[in-house]
Amino acid sequence: MRGVFTFLVGVTATANALSDYSDQKVCRFHTKNVTEVKLKLQKYQDVSTDIWTRSSQFVDVRVPANIVAELEGCEVIIGDLKDTIAQTYPSAEAQSLEKHFEEVQQLLQTQDPFSVLKGRHDIFFDQFRDLDTIYTWLDLMELTFPELVKIELVGQTYEGRDMKALHISANNQALNPEKKTIIITGGVHAREWIGVSTACYFIYELLTGYGANKRETKYLNHLDFLIVPVFNPDGYVYTWSHDRLWRKNRQQTYYPRCFGIDIDHSFDFHWTGIQDFPCSEDYSGEAPFEALESESWNNYINESKSEYTIHGYLDLHSYSQEVLYPYAYSCDALPRDLENLLELSYGLAKAIRRKSGKNYKVLSSCEDRGSDLTPGLGSGSALDYMYHHRAHWGVQLKLRDTGNHGFLLPAKYINPVGKEAYGALKYFCDFILNPEL
Ligand SMILES: [Zn+2]
């Protein structure tokens, strides 16, 4: 058993290896029109800018500090980007979980998993975790709950890393004959760390609740879960080692100096090659499924999981606090069963509000992507692809916050966000298990 931990190395991102954002700020423009903002930025083509989020009320952009004063309508929401970035990494002392993992393992030799894990404050969720630590933790979950968990290989990335899915199932064929399944993905965009930690939080709650709480027992008896906490392992590793704000994968493009395809523009549903250059943050690649992660995913769910009936798909992103329903590619495309889809979306937002009081706006993904104003901006998304081809219900959750930290949410929010999003997941499970639908 100890062998599992041999690859756990305390990787601490050193400040000097990381991209330096000390001369950058984040501006908010109070408009929903991303094209209008792009026009303002056009005359600064020789400097690096990056659109962080576009929502129904605002567009946030990272810009060099020296142009802020000239940008009409810019409200600075993050003034010290370097410091805000530094605060998202764990401190050196907080980093190593090796001792914790060993203690848990020792206790498991004499006690059942529920009593070992449930009463215990899980320090895993005190900090954001690097990929090695997350994968070790997934192994620990499999060792702890061998009856419920199987780690599956979805595929490999450009840099040769494994993309892993956790298959959670009570294997109760009598109660789940059709293999009704909910799929959850996190970390499609590398810098959205809170999506990764929230997917892990779901895993922990589902597993430790089984056999102990009525609801989790019901969920696992009647549903299978496929959870991919880190959908973009290369990009995620890169955010720890080089650039905290990296978004895409790390694939080589046709342009030698630019790496990375935006996985969320790579799926083969209304895919259109975005005009943008390979260096841009939402580069779609030259063909659908060019991103190895989306191609592997397509093979995995349609080949090894072909007999599963996927009832729900939940894609975890950040930030903006939004519940987004399909379609992303166009506001003219009406999703099927719209009335129930809206009931689901508002139900998820309400479940979150009841847990934490936080407000999540419900809107169509096309509005969030800007494809209502500029066709093509929302093409090739995971949400549209899954909703259209495999999942009866599909939603994207954009987690906290609304801009104070943006992608750089401090670790103290891991538990509160996990908790409120788990409230939404429970609503999703109940919605799917409702016999009236
Ligand atoms: Zn995202």
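This is a predicted model: local features need pLDDT of at least 70, side-chain atom pairs count only at pLDDT 80 or more; totals for chains, interfaces and linings use all residues.
Colleague: What area do domain 1 and domain 2 bury between them?

Modeller: The size of an interface is often given as the accessible area lost when the parts come together. Here 50% of the buried area is on carbon and sulfur atoms. The total between domain 1 and domain 2 is about 1,500 Å².

Colleague: Are α6 and α7 roughly parallel or roughly antiparallel?

Modeller: Helix α6 spans residues 131-144 and helix α7 spans residues 193-209. Their axes come within 12 Å and cross at roughly 10°. Angles under 35 degrees count as roughly parallel. So α6 and α7 are roughly parallel.

Colleague: How many nonpolar residues does the contact of α6 with α7 have?

Modeller: From α6 come I134, W137, L138 and M141; from α7 come V196, C200, I203, Y204 and L207. The contact of α6 with α7 has no polar and no charged residues. The nonpolar count is 9.

Colleague: How do α8 and α14 lie to each other, oblique or roughly parallel?

Modeller: Helix α8 (residues 214-222) packs on helix α14 (residues 414-433) with the axes 11 Å apart. The angle is about 55°. The crossing of α8 past α14 is left-handed. At that angle, α8 and α14 are therefore oblique.

Colleague: How many charged residues are in the contact of α8 with α14?

Modeller: α8 brings R215, E216, K218, Y219 and H222, while α14 brings Y422, K426, C429, D430 and L433. By class, 4 are nonpolar and 1 is polar. The charged residues number 5.

Colleague: Where does Y327 lie?

Modeller: Most residues other than glycine have a negative phi, and most peptide bonds are trans. A cis peptide bond joins S318 and Y319, with omega about -10°, and Y319 sits in the loop between β9 (309-318) and β10 (322-325). P326 and Y327 are also joined by a cis peptide bond, with omega about 0°. Y327 lies in the loop between β10 and α11 (338-356).

Colleague: What phi does H270 have?

Modeller: H270 is in the loop between α9 (233-241) and α10 (292-304). H270 is not a glycine, yet its phi is positive. The value is about 45°.

How values were computed. Residues are numbered from 1 along each chain as its sequence is written. Side-chain values use heavy atoms; hydrogens and water are left out. Axes are lines fitted to C-alpha atoms, for helices over the stretch in contact, and angles run from 0 to 180 degrees between N-to-C directions. Helices (H or I, at least four residues) and strands (E, at least two) are DSSP runs, numbered from the N terminus. Angles under 35 degrees count as roughly parallel, over 145 as roughly antiparallel, 65 to 115 as roughly perpendicular and the rest as oblique. A crossing is left-handed if the near helix is turned anticlockwise from the far one by less than a right angle, and right-handed if clockwise. Contact means heavy atoms within 4.5 Å. Ala, Val, Leu, Ile, Met, Phe, Trp, Tyr, Cys and Pro count as nonpolar, Asp, Glu, Lys and Arg as charged, and the others, Gly among them, as polar. Buried area is the accessible area (1.4 Å probe) that two parts lose on being put together, summed over both.
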